[in-house]
Amino acid sequence: MRMGKKDFDVIVIGAGVLGCFVARELRRYNASVCVLEKNDDICAEITKANTAVIYAGYDMKPGTLKARMTVRANRVMPALCEELGVEYSRCGSLFVASGPVSEMALKKKYRQGNESGVYGLHIIGGREARDMEPALCESVTLALYSETTGTLDPWVLGIAAAKSAADGGAEFRTGCEVTGISYHGLDGNYIARCKNRNGIQSELRASAIVNAAGLYSDEVLSGYMPPSFCIVPTKAEYAVLDTYAADGVKHIIFQEREIGKGVTIVPTVSGNVLVGPSELPADVREGMIHKDDTETTVLGQEYVAECAREILPNLALDRKIRSFAGERPNIYYPTERGWPHPDRSRSIRELTIIEDDISPCLITLAGIKTPGLTCASEIGIYTAERVALRLNLTELYGGFNAEKRRETRHSAIIGKAQGEAAVGRARSSSGVSDGWAGAHRIVCRCRNITEAEVRDAVRSLPAATSVNAVKRRVGAGMGRCQGGYCLQSIIEIIADELGVDVCDVMLEDGGSYILTGSSRVSAVNATAFLGEAIGLSSHGAAAHSMWVAAPSPMLHETAESASLPSPSEDMYELAVDVAVIGGGPAGLSAAVSARESGARRVLVIERLPYLGGLLGQCIHRGFGLRLFGKELTGPEYASRLIGAARDAGIEALLYSTAISVRPTASAIEIDILSDASRISRISAGALIFAAGCRERPIGHLPTVGSRPSGMFTAGTAQRLMNVGGYGIGSKALILGSGDVGLIMARQMHLSGMDVLSVVEQSAQCGGMPRNKRECLDAFGIPLLTGHTVKRVFGSARIEGVEIVRESGLPLVESDTTLLKSGATRVGCGTTLTASGSTLLECDTLVVAVGLIPERDLLHRIPEDGRIIVCGNALTVHHMADDIADDGVRAGHAAASILRHIHQLPNV
């Protein structure tokens, strides 16, 4: 057939892991390829929300395409991941049974696996299973051990495949939704009709189309041919546990319950524990099935927790840092009773790959779910071969290169090189961009992600242009604090790389804005604001007495203008008497105390560009009454501590992050990554660990619903407003009435935000009475005790919350008087739901629900008398003076250790 003018040889619709691998495998042929994705980033739907398991193949019916692909894909997965630079863990799995029904299912899977040629299957008894996983419950009677089951991050695999495809010339267009396709027989081309985020329509022509649109594969075809199937999703919910919870989980654990489906427990490649899924029916509203329902539910999260406890009774479910939901695409066919009808679903038994026999080349990958991730590469190969056959693509593209190429991350090198002298040299040759100041700065402290890696993610193809896109590329924001520490830096780096305003940087897709302009209160404009606040508020006197009278230049110091001298040596290793990790009040006080007690050389290691720790963002008064005899702001308090350290001859390294601690016979060794990448290892006679604490993430709460932008921990909100000078919203609710929550309520009010209420779970205010009076009562901000936020609403940006009594009792009319007069509520007036809750409109939720001592670096390190923990890293204090006092104790203790080891003189 004579072909007319076309834009591409092949259009792939959908840039999930399947579409990315199809595009990658099409690189083997002399075909031009374009991948169209309706979201603003790739791998942002099904791929980012699944169980992350690479299956062995014993679950599939022997002889099916699904079984053959799974077994083959499992065998080649290690080599594929090595080639693509994807971290893969072949940790093995245990399929556990606890009764006759589940044992029968287990034995069936064993027979299926042997028939399909699955390698490394063993049936073992309950005792042997508990030898492998000591935390397994006593009720486990039998287990199927699979040596080859593994896990990886699904989105990382998909993005790596997309990069490989882009390297070969494939084009990716995000934010481009396909609204219909048609075939023009006269010129032999398909036309894909598209629209972008602004609604602008366009058309693209191609000789072939691969429909890999996932949940929407049926809708893509709906305008082209009569519907032969439809996608009806089920929602799958998961919980992610902190890395500390992974200590007792070595293998992937599948559960077969006697009644009903169980869950899977996965020790992820990043060190967390993934638990799930629950399966819930599709969201049906007004007769329509909604394919964008990714809200978590109370029922789903309770089910996940209940099943997990049945397998691992002592699993640390209280260490949950995140919950999420995804949708699984089930393919249904018409019946005489209408459709969809669930008893005719075939997608669980076989892969559904539909080829249109009438037109030249239209292939649909429909309803591909478990084990879609495992088989993604095999499905890509199969589909590319079918396209090549039908389009007569026989010439290999000369640029295709399947040689191994691993893009090594800084943090991976750091982790593997601990204790080796090659750590500094390995880092400098890692291939990560190094052409700007600060390339080695740690941006994400939970995962040791550097600024260079974030910038490379934004510059990559396909580019990461949102906060969540960066998270999927390099993992920044996936750690324990869930982005609370690195959010501001990520936003600013993206804005700088793209040349846009920070307010244009989204959390995910369009509309998920994070920042809303400039804050009226910040460290750099506090003086000007105070006069305005006094004029605007009848409570101006209270405001003036509590807020900083002048901005502190300390807040924006860089390494070059530090208040303390840096070590003069330009060397790989540096030896000191005492190393202090953390330059906050505990660390500075400890350093001075150690020096005054006889330590000759004391070095403070601080990851921020300034000393003082979180004091730098606390621009309110209330610090130092006991220690200095007057009320100071946080920056003023820090300046006094810095001055004392300077007078004592303390040295400091700023923008320097400790990445490992190793006790040896002669010293404590600390590996660091610094702004200049100048000094890589510190050897100290004693180590004072004063790294402070971090906030409990929002994911720790039992709050369910969506996860839109506009939700911040109190410390993150404080840092964005005070240090960054950014606005974060207009109408806010605060959950948690500790001192930080109260102080933020006042600051947000003074900055012009409408603070609807502070909601407190307990029966009493959690902060000091003085702060309640001066932060809430003085400004008419209501406190609602005995309540909590049960649910969050909103798609892109938060739109509202559901508030319930903690006791479970319904709200009564008198409760609503505690909400700020005139606050806009969902609907007309106060909305009381059937469960007795109330719905409240807001665009910002600030959560202040507690702090966690930060001792990550010391995790799994045997107790060593030369390592002294102090300040909030030891236990959370309420007063800065108490933190400083604890630092003094630690400094004395460190000097005492040095006198014992090195016979230092008594002072």
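These legends describe close-up views of one predicted model. Local features need pLDDT of at least 70, side-chain atom pairs count only at pLDDT 80 or more, and totals for chains, interfaces and linings use all residues. Residues are numbered from 1 along each chain as its sequence is written, and side-chain values use heavy atoms, with hydrogens and water left out.

**View 1. The whole protein chain.** The chain has 23 helices and 43 strands. These are DSSP runs, numbered from the N terminus: helices are H or I, at least four residues, and strands are E, at least two. Of its 907 residues, 61% count as buried. Buried means under 20% relative accessible area, with a 1.4 Å probe and protein chains only.

View 2. I668 is found in strand β29, which covers residues 668–674. Its relative accessible area is 0%, so I668 is buried. A contact means heavy atoms within 4.5 Å. I668 and I867 are 199 residues apart along the chain, yet their C-alpha atoms are separated by 8.1 Å.

**View 3. The largest nonpolar core.** A nonpolar core is a set of buried Ala, Val, Leu, Ile, Met, Phe, Trp, Tyr and Cys residues joined through side-chain atoms within 4.5 Å. The largest has 57 residues. V467, I490, L515, I728 and M748 touch the most other members. Beyond four places in sequence, I728 touches L515, F712 and M748, among others. Apart from this core lies another, of 53 residues, among them F21 and M478.

How values were computed: Buried means under 20% relative accessible area, exposed over 50%, partly exposed in between (1.4 Å probe, protein chains only).
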